[in-house]
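Q: Please take a close look at one part of this structure and describe how its elements are arranged. Give the cut-offs for the terms as they come up.

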Amino acid sequence: MRLMIVDDSNMIRTRISRVVQNGGIKGIVLAGLAKNGREALRLARATRPEVVTMDLTMPEMDGIECITELLRFDPKINILVVSALSDKSTAIQALKLGARGFVAKPFTDEELQMALLDVFDARQE
């Protein structure tokens with residue numbers, strides 16, 4: 001299973017990567033890290049990730065626009081929104097667009113692992 005991490009915060013990208021690699025979630029290969037939606041689209045075309053963690057508030061191209069474009073490119077991509085937004089309506093919009101789950105920042109390692117496992121399980125169905 002190829003995972004792409006999309007977040008404008010290097011700290012968050014590194015943390016998600018560490019949780020995935022050290023968290024005992026088997027079968028995950030890190031396909032790449034992107035700091036905005038534009039970079040994510042380029043990377044997705046090159047690496048074909050099956051699962052994406054997606055921040056919503058980023059420069060150049062935000063998560064909402066990126067989710068739309070990623071799902072247009074590959075409708076089977078499973079997206080887990082990882083966002084600090086207190087505005088729940090944006091998270092709901094992301095889910096309506098096709099994101100498969102949501103984790104609020106700040107998150108614990110366990111919360112992220114559980115959400116990722118849910119998305120991976122949905123991928124297998």
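**The sheet and its helices**

A: Helix α2 lies across β1 and β2, running at about 150° to β2. The model is predicted: local features need pLDDT of at least 70, side-chain atom pairs count only at pLDDT 80 or more, and totals for chains, interfaces and linings use all residues. Residues are numbered from 1 along each chain as its sequence is written, and side-chain values use heavy atoms, with hydrogens and water left out. Helices (H or I, at least four residues) and strands (E, at least two) are DSSP runs, numbered from the N terminus. Axes are lines fitted to C-alpha atoms, for helices over the stretch in contact, with angles from 0 to 180 degrees between N-to-C directions.

The open sheet has five strands in the order β2-β1-β3-β4-β5, with parallel pairing (two strands pair if DSSP finds at least two bridges between them). β2 (29-34) and β5 (101-104) are at the edges with a single partner strand each, so one side of each has no neighbour in the sheet. From one strand to the next, the twist averages 20°. Four bridges join the parallel strands β3 and β4, and M54 stands opposite V81 in β4.

In helix α3 (residues 63-73), G63, I64, C66, I67, L70 and L71 are buried, meaning under 20% relative accessible area with a 1.4 Å probe, protein chains only (exposed is over 50%, partly exposed in between). Down the axis of α3, these buried residues fall within an arc of 160°, so they line one face of the helix; the arc is that of the directions from the helix axis to the C-beta atoms. They pack against β1 (2-6), α2 (37-47), β3 (51-54), β4 (78-83) and α4 (88-97), where contact means heavy atoms within 4.5 Å.
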